[in-house]
Amino acid sequence: MDSQKYLGAQVQVFYTTGVSDRGLLLQLDSAFVELIKDNREVLVIPIRSVRLIKVLDLAPDSTGSATLLRAARISATTDKDDHSN
């Protein structure tokens, strides 16, 4: 599973104790979940304490809808040296 695609998503973390927290997913790896709550409180949660992570709203970047594209400027080059024999 590519956990990186969920970074920046609004999530609800359910603990093994039955309580939960909501916030923005900052980091997710095999040892810890890092979450920032609406009140700017940062939680670093051991993965052993997590029962479920529910994705409430994906980060704008993960859907591609916020990606801006623009045309690249191609400079005109002369390649007369490449064609001379």
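What is the accessible surface of the protein chain, and what share of it belongs to carbon and sulfur atoms? In this predicted model, the accessible surface comes to about 6,900 Å², and 51% of it belongs to carbon and sulfur atoms; areas were computed by the Shrake-Rupley method with a 1.4 Å probe, and for residues only the protein chains shown count as cover. The model being predicted, local features require pLDDT of at least 70 and side-chain atom pairs pLDDT 80 or more, whereas totals for chains, interfaces and linings use all residues. Residues are numbered from 1 along each chain as its sequence is written, and side-chain values use heavy atoms, with hydrogens and water left out.

The protein chain contains two helices and five strands, arranged from the N terminus as β-β-β-β-β-α-α. Helices (H or I, at least four residues) and strands (E, at least two) are DSSP runs, numbered from the N terminus. Of the 85 residues, 21% count as buried, a class defined by under 20% relative accessible area, with exposed meaning over 50% and partly exposed in between (1.4 Å probe, protein chains only). Among contacts (heavy atoms within 4.5 Å) with a separation of 6 or more, 39% are accounted for by residues 24 or more positions apart.

Glutamine 12 is located in strand E1 (residues 10–15) and counts as buried because its relative accessibility is 10%. Its side chain forms a polar contact of 3.0 Å with that of serine 20; such a contact is a pair of N or O atoms within 3.5 Å, and within protein one must be able to donate a hydrogen and the other to accept it, residues adjacent in sequence counting only if both atoms are side-chain atoms. Beyond four places in sequence, the contacts of glutamine 12 include Asp21, Arg22, Leu52 and Lys54.

Lysine 54 belongs to strand E5 (residues 50–57) and, at 43% relative accessibility, is partly exposed. Residues up to four places away in sequence excluded, lysine 54 touches Gln10, Val11, Gln12 and Phe14. The C-alpha atoms of lysine 54 and phenylalanine 14 are separated by 7.8 Å, although the two residues are 40 apart along the chain.

Arginine 40 occupies the loop between strand E3 (32–36) and E4. With a relative accessible area of 63%, arginine 40 is exposed, and its phi is positive, at about 70°, although it is not a glycine. Most residues other than glycine have a negative phi. Valine 42, in strand E4 (residues 42–46), is partly exposed at 44% relative accessibility.
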